[in-house]
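This report describes selected helices, a surface patch and salt bridges. The sequence and structure are shown first.

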Amino acid sequence: MATFLYKLGRLSFRRRHFVALIWVALLTLAGVGAASAPTAASSSFSIPGTEAQRAFDLLEKRAPEASADGASARVVFKAPDGEKVTDPENKAAISRTVAALGSGSDQVARAADPFASRTVSKDGTTAYASVTYKVTSMELTDDSRDALEKTTDDARTGGMTVEVGGDALQAMPHTGATEIIGIAVAAVVLVITFGSLVAAGLPLLTALVGVGIGVSSITALADALDLGTTTSTLAMMIGLAVGIDYALFIVSRYRAELAEGRDREDAAGRAVGTAGSAVVFAGLTVVIALVGLAVVNIPMLTKMGFAAAGTVAVAVLIALTMIPALLGYAGRKVKPTGEKGRLFGGGREKAAPAPAQAASAQAASAGTASAQAAPTAVPARATSSQAAPAKANLGTRWARFVVRRPVAVLLLGVLGLGAAAVPVAQLELGLPDDGAQPASTTQRKAYDLIADGFGPGYNGPLMVVTDLKGADDGKAAAADVRKRISGLDDVLAVAPPQPNKAGDTAIISVVPSSKPSSTATEDLVHAIRDEAGAIRADSGADVMVTGSTAMNIDVSQKLNDALLPYLALVVGLAFLLLIVVFRSVLVPLKAALGFLLSVLAALGAVVAVFQWGWLGSLFGVEQTGPIMSMMPIFMVGVVFGLAMDYEVFLVTRMREAYVHGESPHEAIVTGFRHGARVVTAAAVIMIAVFAGFIGSSEQMVKMIGFGLAIAVFFDAFVVRMAIVPAVLALLGRRAWSLPRWLDRALPNVDVEGEGLKDMAGTASGTDGKRRVPTGV
């Protein structure tokens, strides 16, 4: 592979005009396709295989007029102090508002008057109107949301307190500002890393091109493939992350090759042949993690995973072709490693003895025979490096310390992450409701008003769907269901059955005594479902529990059940892939175990902050509660891909040094000398990108940003920078051993670039000697 990528890198360098034209054409084509494609509607959210989804499907078939799975809004009215909502003036204002809500959008199915539906509190100070929509919250248009907000704003002018809850206002949060912050931080880190604006600009430019092509392609195909408006969210975040990372590693390796005295075309080829090989396999691990989300069997999550995987594939191709092409355009503006640009105080390179003059001097001092044996061309930088060895950088000094004290570093790292992972034992998963919203939002205010006026369970009533087709007496069976549910624990109220037109299906609304996200409400859902078996045996009626609360419970359970299969699939396939890359069993095993340790530690930190409230005020956590059920599987998918990036880039450099003759300990130091600075820069960029989401007002977004940022920190700086070299130092040569039968069975992908030794003649002519670096 290294040989093929070497040739690809040199070809892209030489044919840079053609390569650049291809990528510009693809970006233009994707942009035109996105601009001309019909606007895609938000795809409906469905959870195949769950009871809640089966109940929704049954109602859609038998009682479509109920709009059971449609978006809903609860407009809560609270009378001014000393007044009641039943006062004539307040009652008339509420009725006008309800009428305006019903006619405000074509997507509204109905708006229930609180006085007709008897949703007025016992003290008469609070009432709420239920608005049901014909479509789900994800399919609700901005016009419908605007009409809802405008109507409620007009209602506040009469002096009453009016707030809106429900999922109708749950729009996808906009993340444009955080993306800009992440790009700005990335630019600063890249400039510091490379010491040059040009070199720093290349990863940013190519990452933006890759994300532009990926997101535009998703937009262009959204309507045809029913991708929905949220599909590109993950693709944009991951595409930007890996796009910067992959370009960063190739540009860094290109500068290192220049510093060794190679000409620019050869340096570009070798950078793609070595670092590019690592990019390919790192990209494959990310693609495996994203495509593996299909195991969860949630269509929206599957589409997001495939779309993001496609964007990652584009980022890999851009890194292998567009980066060497742009390096050809940059010429001498991209300096070798160790040289600074003018921005950082570097200027014109100091004059060095000409190679021919150096050779002549050697010949004069050593005699004619020595002169004939001496090289005819000695790179200027090689001469200076021989005279004065390069000063050890921070990565080199740290690696030498770890090699000297591997046991202490390993124990400290494992015990530290283990301590951080302790809170995972108390992990409670769920989907946050409006009670987790910031106190300043109208959703949270409506939630609190309903809880105070009616009881917390009114914020998440359960919908019990009774299939009466198998019952001899449908009405009697429905009445029996209501009676049985009324006798269960944690039931506050049970409404009379509401049959459909055919009389073969009935809907029973059940109000729990506890709030929607509580374990007591979850227990009630399971209790009703347990009772369904006895009801079916006695009357022939089939009972299913649905509604937003039950759907959240089913989603959480489905995600929990899919976590272990997903983890086994992703880690297992990546383990096999890394065996091929490193030609070792112990190194991939160590990589997988280290990743699991960092994810557990990150989840522990999430539990401590968002469930227990530790340092909650520092991160703007206003309300503690269960951890979003999607967090574990989301963190496994995203963090695993990024973690394997750092593993591949850092450890392949170590293996490269080992294969080329260095001892195991020397190889560790060499890997850190060349890779630690770049991996650190990549990790800092990722942490900054994810940490930008912590400032979001949305609790779920805040949680995702914190979890991913702390996970990258743990994995990059504790696992990859400390535990990995410590384990390799303890294993010694055993780390790179492979059973002979397995060695013969595995393909040789040559990530280390061993095959590039045969390409020396290609770079410098038939004599195989390197040429002095030249411009373009």
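Is Arg253 buried or exposed? Arg253 is buried, with a relative accessible area of 8%; buried means under 20% relative accessible area, exposed over 50%, and partly exposed in between, with a 1.4 Å probe and protein chains only.

## Basis of the values

This is a predicted model, in which local features need pLDDT of at least 70 and side-chain atom pairs count only at pLDDT 80 or more, whereas totals for chains, interfaces and linings use all residues. Residues are numbered from 1 along each chain as its sequence is written, and side-chain values use heavy atoms, with hydrogens and water left out.

## Salt bridges

A salt bridge is a side-chain nitrogen of Lys or Arg within 4 Å of a carboxyl oxygen of Asp or Glu; by this rule there are 24 salt bridges. Arg253 pairs with Glu257, with closest N and O atoms 3.0 Å apart. The two residues lie four residues apart in helix α8 (residues 232-259), which means a separation of about one helical turn. Glu257 is likewise buried, at 4% relative accessibility. Both belong to a salt-bridge network that also links Glu260, Arg262, Asp266, Arg270, Arg653 and Glu656.

Lys150 and Asp154 form another salt bridge, at 3.3 Å between the closest N and O atoms, and are also four residues apart, here in helix α5 (residues 142-155). Lys150 is exposed at 54%, while Asp154 is partly exposed at 42%. In the salt bridge of Arg720 with Glu647, the closest N and O atoms are 2.6 Å apart. This pair links distant parts of the chain, joining helix α23 (residues 699-731) to helix α21 (residues 631-659) across 73 residues. Arg720 and Glu647 are both buried.

Helices are DSSP runs (H or I, at least four residues) and strands are E runs of at least two, numbered from the N terminus. The expected span of a helix is 1.5 Å times one less than its number of residues. The twelve residues of α3 (residues 51-62) should therefore span 16 Å, in agreement with the 16 Å between its end C-alpha atoms. Its buried residues include Phe56, Leu58 and Leu59.

Helix α10 (residues 299-330) reaches 44 Å from its first C-alpha to its last, close to the expected 46 Å. Of its 32 residues, 25 are buried. Just after α10, Gly331 takes a positive phi of about 60°.
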